[in-house]
Amino acid sequence: MHRRVLRYLAILMVTGFCATTAQALRPKDGRDTITEGHRIYDRACVWCHGTEGKGDGPSGWSIGRYAAPRPRDFTAESYKLRSTPSGELPTDQDLFRTITQGIPGFMPSYRSLNEQERWQVIAYLKSLNPAFEQEQPTPIVLPSPPLFPSGNGITNGRALYAKYECRTCHGDNGAGDGPESKAGHLRDAHNLPITATDLTDPSSFKNGATPHDLYRSIMTGLDGTPMPAYADQFAGQEEAAWDLVWYLQSLSGQPGR
Amino acid sequence: MGRHRVPVRRNRVAIEREKDTDLRTHSIGATIVQTVAGLFVVISGTYDMSVQTAEAIPAFARKYALNCTTCHTAPPQLNTFGERFLENGYQLPGTEDGGITGKKNLGDLSLDDFAHYTGVRLRGNVLRAHNFKQQNPPGAESGTVQNKSELGFPEVFSLFTAGTLSKDMGVFAEMESNLEEGATGIERAFITFNNVGGENIANIRIGKLDPSAVFSFSTLRQQLEFIGESTNSSTDAVQRAGLFPLATAAKFYGLRDRSGAVISPYAPSLYNAVAETGVEVRGRPFGDWFMYQVGVLNGSNEGFGDSNKGKDFYGAIRLDYARSANFSASLSGFAYLGNSNATVFDGTRNVDANWNRYGAAAHLRYKMLDLHGMYTLDRITHAPTAALSNFDTTASGVTVALDAYVTNRTLLSLRYDNMDAGGDLTQRTSQTFAGMQIKHYLRSNVAVYARHDLNLRRAEEGNAAARNLRHAVFVGIDISY
């Protein structure tokens, strides 16, 4: 038990240190930062996201071809990968996380850009959408996993999986082969066919595969896709949401809790 | 097809001759049924491979956890992102990730890490059917039209090792076993030093390289694979035309390398060679819109020790336009100046000649469409007049190819090829072919294809390979892992 507590403390310290370090290297917002971000964007990002950030780069179409996903349109669209409530813009940390981690299958990790460069790119991306000047994205409260989950967490999670009809898209065993997915009924905001995530393959999770990532995806949804936010359903029942997270982890053979 | 392929072709010629005497004539229907059954067996055997995403050089897909279509419109054809990845020495565009991505201490290495640098590809035709007019065969009636077909197994196996050794230093090696050509060995192998002097100022490649890799028309990235010609082993005369992107081809009949071996008129050569040994420098010092490329090679069919009187030189520029609206375009031009890189037979002996090539190419990509084409003009210079009395010193070629995804998993490819041949006036025959291929991806790393090539000048008749091949059908499979 002590070991588990120590592990959580260590994770919290490392996460906090990394976030602080990344923040410390963040250049001040301003014209110079945006200009430098634009320069980096033109070298690294333009191929998929296009000259004007509309998601229409010359290589963007071939990624999904006649199906989802298309590269993000930074000028107008909603964002999939957020820690903010559905319909809101992402926080700067969300953008930083996406650039750093990439999106498995579709966007490489750009951690090879140094942190300052990533912040510069983020400044440029935000300059493409005036909404970033008007709104102040606020992340949802992301609680730490309970230190002592209930012994029947996975069982509870399985029940929630059934209750909220996750199987409709993700299938009975989470393999992404639910009836709606198999029938090809799922569409994204562009009306392109989209398949449900295979929950047995964490390496394909676009929004990350850690317990926190799963919790965030459940609570905020993936805007522009059929994956809704379940924040309302789990309001005041955060522990139940963690049970669902443990169950999802167990689908891929991870120990769960 | 390049330096080592000319002598290799002789081995294949022997194989072809053997086939000519042993081949049985099948009905196409029966052959197709057998082929489909064979394909089913092969595909069934590969279908359960636990592959998420892999094609072309699947090691990169594994290393970066990406689908192959991040870099390819349709493997092996690159999209603009893939082109810049290649130019940057296998580092993400705009970065120098070779210093950090995937690097581990030697003691921490696992097979998974090995897989991030290594990929394999197995491909080949399991059915070949040629419809042709018999050309003076020993013991057979000349002028009869017949089908010859054969069943086989995928016979081209490639092993790739590629990636970054450190920041701005990359490596590429491809080993290939090609049963048709009777060849096994290192196809290409080189080291890259990137961003020398600043970001994209100079990228250097040293080794056995393909000069046209970053050109608007890349020899090695055609959807319709090379189909070798058949030649008479005693006279070296071409008996059945090869099916190649003819703009890349040698185009001369009767041209020989410095060892005296006849150079196939179909062999991709000079700037468009599959591989030549040398060094090149390229970069985009003024921005993405302009690329320069200069290089020095041993020259056609010259290996270690280079017995040439001098090296061959080439230079190319490429102009890129548009990076939005799902559209991009590039326009390129090159000049390749050979230096005693070929010989011409003057009646008594082979005499040195300079074999030069000039070319222009364009590449347009818009959503599902990928259109690219090239025109090349070859000239033989600095050869004794006596040697050229029966020799046309000029030849040209055109290739235009269109690839289009007609569904998410089905790729339609069309290609037009024309060669205005040069060389020995008694042999040279110009030719025009059109090819069509449907390639269906059963999964991201397993594709089957059917291809039909049609001789557009067959009605002109004449007893030459370029006329006698009426059409050809191929069915094959392409597996990458």
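Me: Which residues does B:Leu122 touch, not counting residues up to four places away in sequence?
Reply: This is a predicted model. B:Leu122 sits in strand E3 of chain B, which covers residues 118-133. Leaving out residues up to four places away in sequence, the residues that B:Leu122 touches are B:Pro154, B:Phe157 and B:Ile479.

Me: Is B:Leu122 buried, exposed or partly exposed?
Reply: A residue needs 20 or more other C-beta atoms within 10 Å to be buried, and 12 or fewer to be exposed. B:Leu122 has 18 C-beta neighbours inside 10 Å, so it counts as partly exposed.

Me: What separates the C-alpha atoms of B:Leu122 and B:Ala383?
Reply: Along the chain, B:Leu122 and B:Ala383 are 261 residues apart.

Me: Where is B:His382, and is it buried, exposed or partly exposed?
Reply: B:His382 is in the loop of chain B that runs between strand E18 (369-381) and strand E19 (391-392). Its phi is positive, about 60°, although B:His382 is not a glycine. Because it has 13 C-beta neighbours inside 10 Å, B:His382 counts as partly exposed.

Me: Is B:Asn200 buried or exposed?
Reply: B:Asn200 belongs to the loop between strand E7 (183-196) and strand E8 (202-209) of chain B. Its phi is near 60°, a positive value in a residue other than glycine. The cut-off for a buried residue is 20 or more other C-beta atoms within 10 Å. B:Asn200 has 23 of them, so it is buried.

Me: Which peptide bond of chain A that ends at A:Pro69 is cis?
Reply: Most peptide bonds are trans. A:Pro69 lies in the loop between helix H4 (60-64) and helix H5 (92-101) of chain A. With omega near 5°, the cis bond is the one from A:Ala68 to A:Pro69.

Me: What is omega for the peptide bond from B:Pro75 to B:Pro76?
Reply: B:Pro76 is placed in the loop between strand E1 (72-74) and strand E2 (77-78) of chain B. The bond that leads from B:Pro75 to B:Pro76 is cis, and its omega is near 5°.

Me: How many helices does chain A have?
Reply: Along the sequence, the pattern of chain A is α-α-α-α-α-α-α-α-α-α-α-α. The chain has zero strands, and its helices number 12.

Me: Why is helix H12 of chain A described as largely enclosed, and what does it pack against?
Reply: H12(A) is largely enclosed by the rest of the structure because 10 of its 14 residues are buried. Among the buried residues are A:Trp242, A:Trp246 and A:Tyr247. The elements that the buried residues pack against are helix H8 (153-163) and helix H11 (211-220) of chain A.

Me: What length does helix H12 of chain A reach from its first C-alpha to its last?
Reply: H12(A) covers residues 238-251. At 1.5 Å a residue, 20 Å is expected. The helix comes close to that, with a reach of 20 Å.

Me: Which elements of chain B give two or more residues to the side that touches chain A?
Reply: The contact takes 33 residues from chain B and 29 residues from chain A. On the chain B side, the elements giving two or more residues are helix H4 (80-87), strand E14 (312-324) and strand E15 (327-337).

Me: How many charged residues are on the side of chain B that touches chain A?
Reply: By class, this side has 12 nonpolar and 15 polar residues. The charged residues number six.

Note on methods:
Residues are numbered from 1 along each chain as its sequence is written. Chains are lettered from A and ligands numbered from 1 in the order in which they are written. This is a predicted model: local features need pLDDT of at least 70, side-chain atom pairs count only at pLDDT 80 or more; totals for chains, interfaces and linings use all residues. Helices (H or I, at least four residues) and strands (E, at least two) are DSSP runs, numbered from the N terminus. Two residues are in contact if their C-beta atoms, placed from the backbone, lie within 7 Å. Ala, Val, Leu, Ile, Met, Phe, Trp, Tyr, Cys and Pro count as nonpolar, Asp, Glu, Lys and Arg as charged, and the others, Gly among them, as polar. The expected span of a helix is 1.5 Å times one less than its number of residues.
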